[in-house]
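Please look over the structure shown here, together with its sequence, before reading the notes that go with it.

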Amino acid sequence: MFQLQKTIVSEEILEKDFVCNLSACKGACCVDGDAGAPLTQEETQILAAIYPKVKPFLRKEGIAAIEAQGTHVIGTDGELETTLIDGKDCAYVIFDNKTALCGIEQAYNQGEVSWKKPVSCHLYPVRVKEYSDFSAVNYHKWHICSDACALGAELQVPVYKFVKEALVRKFGIEWYEELEKVAEDLKK
């Protein structure tokens, strides 16, 4: 672990390799698990505001779940998260053949909304836990991502490079440039 501005960062995000392999996993992170994607308070407001523009991209099951439960829920751990369909799929998930994709991101790609998706989804496999004085930035290992780890190793792409855009979105370009310097120093 090392400190970078107001974050405590796990060295695993520098040491582990990762590149999403949707052809292998089929987007399992959007449909597996027992909770929705973590959200910030600000993101819940964004979801509520953009829902009318995202709705046409969603499946009827997702729309029904959102209209019954809301654009977000409070999970069993008391944290804000995306709504689920019957406790399984994210309500915002859509499918391209058998591959799970994000309906919010599809609306973004079509120019309907200016918000790509929850930052927790964009950052994965990096997870950020907010504390009063700092943020903990950790690598999250999940068995469904073994193919992503293998592809990352084959292509020699460390986690922090794979999620660069999301890390910059979350912490800013200066933070990311400092992270790159730490990574370079660790290689020496």
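The briefing below goes from the chain as a whole to one helix, an aromatic pair, the salt bridges and a histidine.

The model is a predicted one, and its chain folds into ten helices and eight strands. With a radius of gyration of 17 Å, close to the 16 Å that the globule rule gives for 188 residues, the chain is as compact as a globular protein of that length.

**The chain as a whole**

- Taken along the principal axes, the box filled by the C-alpha atoms of the chain comes to roughly 55 × 35 × 35 Å.
- Of the 188 residues in the chain, 44% are buried, and the chain exposes about 10600 Å², of which carbon and sulfur atoms supply 49%.
- When contacts between residues at least 6 apart in sequence are taken, 66% of them join residues at least 24 apart.

- Gly62, Ile63, Ala65 and Ile66 are the buried residues to look for in H4, and because the buried residues of H4 fall within an arc of 165° when seen down the axis, they line one face of the helix.
- An α-helix has 3.6 residues a turn, so residues three or four places apart point the same way.
- The buried residues of H4 pack against H3, whereas Lys60, Glu67 and Ala68 are exposed on the other side of H4.

**An aromatic pair**

- The structure contains five aromatic pairs, and one of them is formed by tyrosine 160 and tyrosine 176, whose ring centres are 6.2 Å apart and whose planes stand at 40°, so the pair is tilted.
- Because tyrosine 160 belongs to helix H8 (residues 159-162) and tyrosine 176 to helix H10 (residues 173-187), this pair ties together parts that are 16 residues apart in sequence.
- Both partners are buried by the cut-off of under 20% relative accessible area, with tyrosine 160 at 4% relative accessibility and tyrosine 176 at 1%.

**Salt bridges**

- Six salt bridges are found in a search of the whole structure, and one of them joins the side chains of aspartate 89 and arginine 59 at 3.3 Å, N to O.
- That pair links distant parts of the chain, 30 residues apart, since aspartate 89 sits in the loop between strand E4 (80-82) and strand E5 (93-96), while arginine 59 sits in the loop between helix H3 (41-54) and helix H4 (60-69).
- Aspartate 89 has a relative accessibility of 18% and therefore counts as buried.
- A salt bridge also joins the side chains of glutamate 105 and lysine 116, at 3.9 Å from N to O; because glutamate 105 is in helix H5 (residues 103-109) and lysine 116 in the loop between H5 and H6, the pair ties together parts eleven residues apart in sequence.
- Both of these residues are buried, glutamate 105 at 19% relative accessibility and lysine 116 with a relative accessible area of 17%.
- Glu105 and Lys116 are linked with Lys117 and Glu165 in a network of salt bridges.
- In the salt bridge of lysine 170 with glutamate 130, the closest N and O atoms are 2.9 Å apart, and because lysine 170 is in helix H9 (residues 164-171) and glutamate 130 in strand E7 (residues 126-130), this pair ties together parts that are 40 residues apart in sequence.
- Lysine 170 is partly exposed at 27% relative accessibility, and glutamate 130 is likewise partly exposed, at 45%.

**Histidine 122 and its contacts**

- Histidine 122 is found in helix H6 (residues 119-123), and at 13% relative accessibility it counts as buried.
- Apart from neighbours within four places in sequence, histidine 122 is in contact with Lys116, Lys117, Val163, Glu165, Ala166 and Arg169.
- Among these contacts, Lys116, Lys117 and Glu165 also belong to the salt-bridge network that includes Glu105.

Conventions: Residues are numbered from 1 along each chain as its sequence is written. This is a predicted model: local features need pLDDT of at least 70, side-chain atom pairs count only at pLDDT 80 or more; totals for chains, interfaces and linings use all residues. Side-chain values use heavy atoms; hydrogens and water are left out. Helices (H or I, at least four residues) and strands (E, at least two) are DSSP runs, numbered from the N terminus. Buried means under 20% relative accessible area, exposed over 50%, partly exposed in between (1.4 Å probe, protein chains only). Contact means heavy atoms within 4.5 Å. Rings of Phe, Tyr and Trp (its six-membered ring) pair if their centres lie within 6.5 Å; planes under 30 degrees apart count as stacked, over 60 as edge-to-face and the rest as tilted. A salt bridge is a side-chain nitrogen of Lys or Arg within 4 Å of a carboxyl oxygen of Asp or Glu. The arc is that of the directions from the helix axis to the C-beta atoms. The radius of gyration is taken over C-alpha atoms; the globule rule is 2.2 Å times the number of residues to the power 0.38. Accessible areas come from the Shrake-Rupley method with a 1.4 Å probe; for residues, only the protein chains shown count as cover.
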